[in-house]
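Trainee: I am new to this structure. Please walk me through how to read it.

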Amino acid sequence: MSKYMTFTEIAFKDRALLVAALEEIGCIEIQQGNALPLGCYYSEQTPQTADVIVPRNTIGNAYGDIGFQRNEAGALTPIIDDLDRARVMGGRFIPQLRLAYHERVVQTVAARLRGTVHRTVEGGVIKLKVRY
Amino acid sequence: MPEINFTLDEQTGELEMKIAGVPGAQCADVAKLVTEILGEPERAENTQEFYVRANVKPQVQNRKG
């Protein structure tokens, strides 16, 4: 049997893996909780809350905190100012975070299956093969 | 040997996954394990390999004594 699945939504289901991925890409002073108030640059912005927060000015996010709030499916989705999204890590904050998160997901799957991971990079594509 | 092939796009961080060579119920278990950690995929389908194997009929040969 063989199955093919694609994951394109920007959502992070596992909080611990998300925090580890944030730390891996250089985020510091990460706050965790429930419905924590999210700081913003403009006072007239609608107040928002998040369960995981990367404080403003800790990774080049000059316009506000970067938050992650649970959606209806239970996954954490990012809340980030458009200007920060374009500036932080040269506009690569979300892609880099997704890569770090997904690599940790693969390691977790391999560990649960007691398998091994073989990693290769070919022309902008990272290939991870789990054998068990 | 059963294997799971993950492909990450370095530009977007998007993930694709293909499970190969895993017997039926075990394949479903692996898919479940992945979705527990990743959430529901935007797209999921059984590949051609699945249908080829599913259509194989057992053959019985008569023995001549």
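Trainee: Which residues are buried in helix 1 of chain B?

Mentor: Some ground rules. This is a predicted model, where local features need pLDDT of at least 70, side-chain atom pairs count only at pLDDT 80 or more, and totals for chains, interfaces and linings use all residues. Residues are numbered from 1 along each chain as its sequence is written, while chains are lettered from A and ligands numbered from 1 in the order in which they are written. Helices (H or I, at least four residues) and strands (E, at least two) are DSSP runs, numbered from the N terminus. A residue is buried if 20 or more other C-beta atoms lie within 10 Å of its own, exposed if 12 or fewer, and partly exposed in between, with C-beta atoms placed from the backbone. In helix 1 of chain B, the buried residues are Cys27(B), Val30(B), Val34(B) and Leu38(B).

Trainee: Where do the buried residues of helix 1 of chain B fall, seen down its axis?

Mentor: Take the directions from the helix axis to the C-beta atoms; they define the arc. For helix 1 of chain B the buried residues fall within an arc of 65°, so they line one face of the helix. The face turned away from that buried side carries the exposed residues Ala25(B) and Lys32(B).

Trainee: What covers the buried residues of helix 1 of chain B?

Mentor: Look for contacts: two residues whose C-beta atoms, placed from the backbone, lie within 7 Å. The cover includes strand 1 and helix 3 of chain A, together with strand 1 and strand 2 (15-20) of chain B. Just after helix 1 of chain B, Gly39(B) has a positive phi of about 95°.

Trainee: Which side chains of strand 2 of chain B point to one face, and which to the other?

Mentor: In a regular strand the side chains alternate between the two faces of the sheet. In strand 2 of chain B, Leu15(B), Met17(B) and Ile19(B) point to one face and are buried.

Trainee: How many bridges join strand 1 of chain B to strand 2 of chain B?

Mentor: Strands of a sheet pair through backbone hydrogen bonds, either parallel or antiparallel. Here, two strands pair if DSSP finds at least two bridges between them. Strand 1 and strand 2 of chain B run antiparallel and are joined by 6 bridges. Phe6(B) stands opposite Met17(B). The two strands form a hairpin with 5 residues between them, and Gly13(B) in the turn has a positive phi of about 80°.

Trainee: Which strand of chain A pairs with strand 2 of chain B?

Mentor: Strand 1 of chain A does, antiparallel, over 5 bridges. Lys3(A) stands opposite Ile19(B) there. Strand 7 of chain A also runs antiparallel to strand 1 (residues 3-9) of chain B, with 7 bridges. Arg131(A) stands opposite Glu3(B) in that strand of chain B.

Trainee: How many residues does the contact take from chain A and from chain B?

Mentor: It takes 33 residues from chain A and 41 residues from chain B. On the chain A side, helix 3 gives the most, with 10 residues.

Trainee: What is the strand order in the open sheet of chain A?

Mentor: The order is 2-3-4-5, across 4 strands with antiparallel pairing. Strand 2 (31-38) and strand 5 (76-79) of chain A stand at the edges with a single partner strand each, so one side of each is left without a neighbour in the sheet. Strand 2 and strand 3 (residues 48-54) of chain A share 5 bridges, and Gln32(A) has Val52(A) as its bridge partner.
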